[in-house]
Amino acid sequence: MILERIYEPLFKDSSHGFRPKRSCHTALKPMQRGWTGSKWFIDIDIKGYFNNINHDKLMELLKKRIEDTQFLDLIRDMLQAGYVEDWQYHKTFSGTPQGGIVSPILANIYLHEFDEFMEQNKQEFDQGKARRRSPAWQKATNHICYYRKRIDALKGDTNPERRTRQAWYEQKIRELSKTPKRLTASDPLDPTYRRLFYVRYADDFLIGIIGSKQEAARLFREVKTFLNTTLKLDISEEKSGIHHAKEGTSFLGYVVQNYTSEKIVKVHSPVYTRVGAATQRTVRERLQLRVPQTKMSEFCQRKGYGSYENVRPSARQSWVHMDDAEILLAYNAAMRGLAHYYALANAAKTGLSKLMYLAKSSFLATIAKKHKSSMSTENSRLRQGKDIVILTNTKEGKPKRYTLFTLRDWKPPQPKEDVDRMPTTAHLRFGRSTLDQRLTANTCESCGKEGGYFEVHHVRKLKDLHGKEWWEQVMSYRKRKTMILCVECHDLLHANKLSNRQKKF
């Protein structure tokens, strides 16, 4: 809290990681608006940043604004406290404590020096107010303007010779109009106009350049030198480099690249109707965020949805024992969370459609495996109109409706300018509020006995489960602190005699 009060007013607007009301989305949105026209991207990967922060350098940076020696000693002791893993003590010689509550802000303080370095570079690098006009484009535009003025002067004249001259001017305009559409209005190689863009999220940062490749290479060398000499950080040569904006690069899970469309559209123009409708290009060197298909493939493989390349879904065997509603909520949590994260992407639905199809098919395959049927049978059984729906009865007897998430009715949310709220999905993934459903089932979750009196076994914390007994493994895997048992099984559990042989589901 003290460090935040000291450094938050000092941190730069280019820094977005581990800060209040900032996130990945707040880092990406300004890029869509302000990085248009970038020619080069400088991507630098720091080797093991959080583990390689130099303690002496960090304390030196803290002393610039903090004079309280006891407070500084407390931070140094925390940095050098070490950690215990598998009951074995390990010393720490560099880096910030993994999982430490103060580690994120210390990491930001360390790279704040780099933010100031980049801000100074931007002030020195930026030059010019606007690009100069392209000579070829300007020449063609001037001729068109001249012919249009001549047409205005001849309008309404019935003299055949003047009408012929007017038609000749209109024909010249049609011919000349093709030239500006093939050219850029401004000179992309104007040496008097340069811009530098910079954004950082924790140790992941990206630099955009409007300028020559030689200038980008020079800045790349300066950045590496500053990180090596001033901050004692090494970079990965394999993962770092200079990328052309049209090829793009990866940043915060998105593909960042420039896009130019050759599509020509008509625009309303009440003037010069005889010459033809006015037209213009749609997009020119506009920075866009794309959904990376490699990330979608990795996500699909990690979640066990099937083969992304061959579009072959597969069932999730480990979820077969769960309730139908639990399985649906688990798929929904993953699909909705991923869709919300890529909400800023251009053509987000198109980029996510293949993965969402595999997730939907994987859900049907899992349900089919659970009920020993086929995917087509389960699709027909659960289909209600265009949706796949599971209905459950609550304790009050009222049906509850669970709908499988799809992109059809999903509208990419527009996060606020200062923050996007990442959804908390842990409570959705396994058994969200299915206690009522399990109570009304009148079935012991151990021996399978139906009817009679049942009790609920509770644990205070999931971390208290050691995972040695089967019932502990089930409760831990399903993220449940409760289990419905008959009286006999509940007594056996507390007597440590509830064996695996009683397990029936």
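Which residue takes a positive phi near 55° in the hairpin of E7 and E8? In that hairpin, which has two residues between its strands, the residue is Leu-252. This report describes the surroundings of the hairpin and then turns to helix packing.

The structure is a predicted model, in which local features need pLDDT of at least 70 and side-chain atom pairs count only at pLDDT 80 or more, while totals for chains, interfaces and linings use all residues. Residues are numbered from 1 along each chain as its sequence is written, and side-chain values use heavy atoms, with hydrogens and water left out.

**Overall composition**

The secondary structure of the protein comes to 16 helices and 18 strands; helices (H or I, at least four residues) and strands (E, at least two) are DSSP runs numbered from the N terminus. Of the 505 residues, 43% count as buried, where buried means under 20% relative accessible area, exposed means over 50% and partly exposed lies in between (1.4 Å probe, protein chains only). Among contacts with a separation of 6 or more, 72% come from residues 24 or more positions apart; a contact means heavy atoms within 4.5 Å.

**The sheet around the hairpin**

Strands of a sheet pair through backbone hydrogen bonds, either parallel or antiparallel. Here, three strands form an open sheet in the order E7-E8-E11, with antiparallel pairing; two strands pair if DSSP finds at least two bridges between them. Strand E7 (249-251) and strand E11 (286-290) are the edge strands, each with a single partner, so one side of each has no neighbour in the sheet. Neighbouring strands are turned by 35° against each other on average, direction ignored.

Three bridges link E7 to strand E8 (residues 254-259). Phe-251 stands opposite Tyr-254 in E8, and Ser-250 has Val-255 in E8 as its bridge partner. Between E8 and E11 there are five bridges, and Val-255 has Arg-290 in E11 as its bridge partner.

**Helix packing**

Axes are lines fitted to C-alpha atoms, for helices over the stretch in contact, and angles run from 0 to 180 degrees between N-to-C directions.

| Helix pair | Angle | Axis distance |
|---|---|---|
| H5 (residues 103-125) and H8 (residues 213-229) | about 155° | 11 Å apart |
| H3 (residues 55-62) and H5 | roughly 80° | within 10 Å |

The contact of H3 with H5 is made by Lys-57, Leu-58, Leu-61 and Leu-62 of H3 and by Leu-106, Ile-109, Tyr-110 and Glu-113 of H5. By class, this contact has six nonpolar, no polar and two charged residues. Ala, Val, Leu, Ile, Met, Phe, Trp, Tyr, Cys and Pro count as nonpolar, Asp, Glu, Lys and Arg as charged, and the others, Gly among them, as polar. On the H8 side, residues of H5 including Glu-113, Phe-114 and Phe-117 meet residues of H8 including Glu-215, Arg-218 and Leu-219. The contact of H5 with H8 has eight nonpolar, one polar and four charged residues.

**A buried arginine**

Arg-19 lies in the loop between helix H1 (2-7) and H2. Arg-19 is buried, with a relative accessible area of 9%. Leaving aside neighbours within four places in sequence, Arg-19 is in contact with Glu-8, Phe-11, Lys-12 and Asn-108.
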